[in-house]
Amino acid sequence: MFRYVFLASVLCLSLLNAKSIKEYETLKKGESVAAKAVIFYSEPFLFDYDKDGTKNRLVMAAKMFIKKTQKGYEGYLVRGLYDIKNKKPIAFYENALLMHPPSNTYIAVSDIKFKGKTVSFKSGPFRYIFKDGGEGNIEDEVLVILKNKEKKLKIYGGDVKIY
């Protein structure tokens, strides 16, 4: 019983320090953007998510943002469904499909490392490597690593920018 109470207490305390997407993207004095990306990693598909009788063009997308602070680097990674025509996210993935941006510790990235035009970081059990290949997405690369398995994502749109 004590173990469950302890785990619940740790979870509640960690959520008190959680940041939202807006808080990460707000730069304080002395901070700068180190990397950002929005990528589409699926082909467009049709789905009437707003139930208006018209199927909307959606893609699976990810947004990454990392800034340099006085304490080092911090940032986030969110994944979800994106409406191409209306240019807006419509649902986010956390542990399940959410209709609002997550604002807790699940979006935070850690172990951030830069090497040239490449940034790597951990998010949950995964290590991600984002490579900026120049303007647009043609030469950009994203690798997702879980234990000994590595997968290179096929990027259908967006851009990776490493500063």
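Guide: We shall take a pocket and then the aromatic pairs, working from a predicted model.

Visitor: How much space lies in the second largest pocket?

Guide: The second largest pocket holds about 200 Å³ of space. Its lining comprises 14 residues, and those closest to the centre are Lys 63, Val 78, Tyr 82, Pro 89 and Phe 92.

Visitor: Which strands each supply at least two residues of that lining?

Guide: They are S3 (56–69), S4 (72–83) and S5 (88–93). S4 gives the largest share, five residues. By class, the lining has eleven nonpolar residues, one polar and two charged.

Visitor: How many aromatic pairs does the structure hold, and how is the geometry of a pair read?

Guide: There are seven aromatic pairs. Planes under 30 degrees apart count as stacked, over 60 as edge-to-face and the rest as tilted. The rings of Tyr 73 and Phe 114 have planes at 45 degrees, so this pair is tilted, with centres 4.7 Å apart. Because Tyr 73 lies in strand S4 and Phe 114 in strand S7 (residues 110–115), the pair ties together parts 41 residues apart in sequence.

Visitor: What is the geometry of the pair formed by Phe 126 and Tyr 128?

Guide: That pair is tilted, at 6.1 Å centre to centre and 50 degrees between the planes. Phe 126 is partly exposed at 29%, whereas Tyr 128, at 9%, is buried. Ring pairs also link Phe 126 and Tyr 128 with Phe 121 and Phe 130 into a cluster.

Methods:
Residues are numbered from 1 along each chain as its sequence is written. This is a predicted model: local features need pLDDT of at least 70, side-chain atom pairs count only at pLDDT 80 or more; totals for chains, interfaces and linings use all residues. Side-chain values use heavy atoms; hydrogens and water are left out. On a 1 Å grid over the protein atoms alone, a cavity is a set of points where a 1.4 Å probe fits but cannot get out, and a pocket is an open set with protein on both sides within 12 Å along at least five of seven lines; lining residues have an atom within 4 Å of a point. Grid points are joined across faces, edges and corners, and a volume is the space filled by probe spheres set on the points. Helices (H or I, at least four residues) and strands (E, at least two) are DSSP runs, numbered from the N terminus. Ala, Val, Leu, Ile, Met, Phe, Trp, Tyr, Cys and Pro count as nonpolar, Asp, Glu, Lys and Arg as charged, and the others, Gly among them, as polar. Rings of Phe, Tyr and Trp (its six-membered ring) pair if their centres lie within 6.5 Å; planes under 30 degrees apart count as stacked, over 60 as edge-to-face and the rest as tilted. Buried means under 20% relative accessible area, exposed over 50%, partly exposed in between (1.4 Å probe, protein chains only).
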